[in-house]
Amino acid sequence: MRVVIIGGGIAAVYLANNLKKQDTSIEVTILSDEKYPPYDRIHLCRLVDGTSDMEDIKLPLDPTVSLELEQKITSIDKEKKRVLSNDSMFSYDKLIIATGSQPISLLDENLKNVAVFRSSQNCLQIRENLNDRELVVVGSGPIGLELLETLNDIEQVKSITLLIRGSHLYNKNLSLESIEIMKKCYTESGKIKISFEDEIVDTVIEDNEIKTLKTKKLEIQNPYIVFGVGIKPNIDPFKDTLKCNKGILTNNYMQADPDIYAVGECAEVEELSFIAGHVKECTAEADVAISHITGNDLKEFELEVSIDMLKVGEFDLVEVSSAKFAEGFEKIVISSKEFNRMDEYFLNDDKLTRFIGINSNVDVGYVETLIKEGHEVDINYLYENRVVGERGRLICSCEHIYHQDLVDIVTQTGISSFSELADFTEAGRVCGRCKMMVSDVIKESQHLIDPNMPRKSAEDIKREREIAEVQKRIDKFNTLHPRNELTTENLESAMESLDIGKKEVNSWISMVTASMKLHPNFEQVVEGAVCSLNRVPIIWLELSDCSGNSEAFIKSTNPAIEDLIFDYVSLDYHELIMSASGDQSETILEDIIKTQKDEYILIVEGAVPLGLDGKFLRLGPNGETGYELLKKCAKDAALVMAVGSCAYDGGIVAAEPNPTGAVGVADALGRKDIINLPGCPVNPTNIVGTLLSYLMFEELPELDSTNRPLWAYEGRVHDNCERRGHYELGEFVKEWGDIGAKKGWCLFEMGCKGPYANVNCPTMKFNGGTSWPVQAGHGCMGCTELGFFDKFANEREYVEEEDDE
């Protein structure tokens, strides 16, 4: 497949590199109208002041990508699938337009002393006209302000006027205090004058040059004028061929035509009326186009939270904004004169939709999450955490890497260059926007390296961060659930009184850690999570079942689960084993549901009969149906886990002809967020491991398509079976009691369904890891799979059907 990309900016390079990563056989060609290879426009200021050259800001491009420079595109021939330039023709199978935008100028750019700030050529032009001129920068947005800062630091520049139509800097919604902080930083040297509520009204032109510039308030002689007032999509060559509005109109897959895509600042997603304005948005659109072209992990474009940053002199500015931000907002401003800090929170319907911080220490990642998840804002929390960010300024918004993160990497590893950083983080490489900032931090941190300190690998650093994050989350749980005061120390004392040895507990913790596919270094935080389990109330419901999962749970050993878990976990309600009964037990249940909303975990064992309006199962003194009880308990649970095959999809209870209309928990509730742990019975370690994962990471482990944790249900039984070698040799048990059965041969021909079942039974085993059904001499029944009882629970060799895929 031949893919042609029109454009030479960040989006074009990102597209080319990632298409090649997806499929090396794709032939990719970039057509750029510039004479230089693609470069990072974010750092054009470095060309103006001479601190960098074109090589420094060049974007890394896959060497197998064909690059055609100085190709000004004139038209597209959709029927013949070819692109025409000023002197060439290029054929394509798929075409991607990533031409970006062009700057807006209020005067004729052909005048000798008028420029825009958008390309390398513009930078060279500005640099050549710095002497003996009154520099005039028009526009107070990020482009104009960044250029203003650069010009202010150039020695030969003697005087600069910033011309602004409005009364604000950067954004019209900023508070007067924030504008004053920024204004002071610009003007304190005396070189910069800012003229608010002013604009150009007249010019005197001689010999194609402006001799006098007149504004509402000023008259400037011999000016050099640079416009940074805004941009517009660069789409002129495509207006006759493609449907356009402000930009090239696309669907949510970034398609403008069946074989033509548009991404970045030149594209307008028609359904959303959206044009990208930040690098992150451009790369998100690129990912969508790539997925559609390659057919891998197909996705539609969705509006995301954008992050923008600006560093000028003595102030750092960061903006985090939702695409849903709108006027009519309320604003919370938290300021500190002592630290020259302003945190401005913009709220719509009590939800944060935008944040602008000046010299702020607030964790930008946290703010982004707050906006993305749409939670109502707690003003007190914002105030209490106004200086929680000890990691310094956000450097890379793509990877969420802060200044201190980079310093730590440098001091721990001894790296000395940007190229060496690649083993530790992708900062500076995702979109290329922050490459120079990252490089600067590495250089500035070299003096902090201790030559005698042992160097750490990327894996060491990654693991340390993961463990620190896990420990922080466990500490948070301990804070949120202070009902019991269990700690590692008093847990050990309690275990001594129960004759449970520390060695026994450590063995169990090691086993759980390994089964969850965590590094052994996580054993300490797994132990911490075991302690924290006592702080999270758990309700265990039994519906239509045989109690097999509960029995397996309480019969676990090394250490005994009833000792370790029941005494040290808040298993507050379980009909089978709780000491309370009757009204007292119902009072406990009601109290948890009412007083601990969004805190308790609900574990459900058994199927849910829906026939006769659920009347096949009634529970409690009031004759409540199992379905009603389930709905009541699940409504405000922080997490719902369906344990056992019956809770998964109805299991044996739902076998043909299913007279009670039994279904699994997820089907009964009509929810897609139920965590399924099937098995007949489920291994208790899989229950505890999932609970611990939730506590440690404040999130669930990675799940498969039916919401089963991959750490427990990814491996196929057949692949890990101790009898697999006999299968490969063709050694099968033919009938019970034959020589093959005595020698432990493969049970496939006796109906073992191991090749069709995914679970960790062969590696985890039951009864303290002593055995499992196949080891004991009976084939696997595939009890972790959908519809297992009707499909697999027999002693016949299974014949796959076409609809099994």
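Two exercises with worked solutions follow.

The model is predicted: local features need pLDDT of at least 70, side-chain atom pairs count only at pLDDT 80 or more, and totals for chains, interfaces and linings use all residues. Residues are numbered from 1 along each chain as its sequence is written, and side-chain values use heavy atoms, with hydrogens and water left out.

**Exercise 1.** Determine which way the residues of strand E7 point and which strands pair with E7.

Step 1. Strands (E, at least two residues) are DSSP runs, numbered from the N terminus. In E7 (residues 94-97), Lys94 and Ile96 point one way, while Leu95 and Ile97 point the other way. In a regular strand, side chains alternate between the two faces of the sheet.

Step 2. All four of these residues are buried (under 20% relative accessible area, 1.4 Å probe, protein chains only).

Step 3. Pairing requires at least two DSSP bridges between two strands. E1 (residues 2-6) pairs with E7 in the parallel sense over 4 bridges, and valine 3 stands opposite lysine 94.

Step 4. E20 (residues 260-262) also pairs with E7 in the parallel sense, over 3 bridges; isoleucine 260 is the bridge partner of leucine 95.

**Exercise 2.** Describe how helices H9 and H10 cross and which residues meet.

Step 1. The axes (lines fitted to C-alpha atoms over the stretch in contact) of H9 (residues 403-413) and H10 (residues 435-444) come within 9 Å and cross at roughly 50 degrees.

Step 2. His403, Leu406, Val407 and Val410 in H9 meet Val438, Val441 and Ile442 in H10, with contact meaning heavy atoms within 4.5 Å.

Notes:
Buried < 20%, exposed > 50% of the residue type's maximum accessible area, 1.4 Å probe, protein only. Axes fitted to C-alpha atoms, helices over the stretch in contact; angles between N-to-C directions.
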